[in-house]
Amino acid sequence: MMQQEKISEIRQAVAAQTPLIHCITNPISINLAANGILALGARPIMAEHPAEVAQITAMAQALALNLGNITDARIEAMPVAAASALANNIPVVLDLVGVGISEIRHTLAKQLVASRALKVVKGNLSEILAMLGEQAAPQGIDVGKADAAKARNLGYVAEIAARLAKVTGAVVLVTGAIDVIATADKAWSVANGVSQLAAITGTGCLLNCIVATYMSVASPLEAAVLGALHLAVAGEIAAAVPPTAKTMVLGETAAISAIPDGTAAVAPGDKAARQKIPNASFQVRLLDSLQTVDTGTLFTRAAIEAVRV
């Protein structure tokens, strides 16, 4: 779906243009999101005051909106920023954080969809189902167990995503163990990533801003696919323990070796069986990997396949 030349072209465009990415996001993830944008070579601005967002959005190259930890200021600011983006032909991505857990978020999301400014809509399967008015079983802002079980059927996820794409006129990115990206009639899966991405807060919000960054120089579909791939591969690299790493195990130093899911396999005879990189270290390594992973690695590792809608 994405050739190495296209990935390189998009990444080089970000580096050359250093686009300004306006993010109206939540305070839980704001630092991670801003640093993620910087890691890609773009420039973040996180303004959210309703009186200034129209002007700031007008000077940006993309706008990322996020429903997480909603406040009065952001409820007022997001539609204003979306209107400015539409008037100035600036692409917008919306992260449907918790859209199924409160009426206030659902109402705001419908208002933003109605603006016709959105180019990409992102959410987990519980959030996508809620946005369609279907029965959903979210667990807070996370996908619920029942919906996660449904998400194993990629054909079903692609069908749901395509339905929302038809309603919104936007590309839909459904995040999960395997991400699915859909237009109204086509879909693709990205099977990269590691479970530890869910162990630090804000990686979904980070993905939203990565998509916005790439959308400043590429089509919404290309941005959604490359954004999902880039974060997932960076997660794989961040979780992998270097072959020469050592860890202290019950007072003894045990040599450990890397395996693909980032779990360290301790040599036979040692007093511990498995260990993972701690979450705080993983977050630092994730930002490092976002910045340093080369295009060849992204292309070589890419597990992207078409999914029948």
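The structure is a predicted model, in which local features need a pLDDT of at least 70 and side-chain atom pairs count only at pLDDT 80 or more, whereas totals for chains, interfaces and linings use all residues. Residues are numbered from 1 along each chain as its sequence is written, and side-chain values use heavy atoms, with hydrogens and water left out.

The pLDDT, which is the predictor's confidence in each residue on a scale from 0 to 100, averages 89 over the chain, and 89% of the residues score at least 70. Over residues 246-274 the pLDDT stays under 50, and for this segment the model has 56 contacts beyond four places in sequence, a contact being defined by heavy atoms within 4.5 Å. Where pLDDT is low, the predicted coordinates should not be read in detail.

With a disulfide taken as a pair of cysteine sulfur atoms within 2.5 Å, the count comes to zero. For Cys23, the closest cysteine sulfur is that of Cys209, at 3.4 Å, which is too far for a bond. The closest cysteine sulfur to that of Cys205 also belongs to Cys209, but at 7.5 Å it is likewise too far for a bond. In terms of relative accessible area (buried under 20%, exposed over 50%, partly exposed in between; 1.4 Å probe, protein chains only), Cys23 is buried at 0%, and Cys205 is buried at 10%.

Six salt bridges are present in the structure, each requiring a side-chain nitrogen of Lys or Arg within 4 Å of a carboxyl oxygen of Asp or Glu. Among them, Lys6, Glu9 and Glu222 are linked in a network. Glu9 is partly exposed at 48%, as are Lys6 at 26% and Glu222 at 22%.

A further salt bridge joins Glu48 and Arg74, with their closest N and O atoms 3.1 Å apart. Glu48 lies in the loop between strand E2 (43-45) and helix H3 (53-59), and Arg74 in helix H4 (residues 72-87), so the pair ties together parts that are 26 residues apart in sequence. Glu48 is partly exposed, with a relative accessible area of 29%, whereas Arg74 is buried at 2%.

Definitions and conventions: Helix = DSSP H or I, 4+ residues; strand = E, 2+ residues; numbered from the N terminus.
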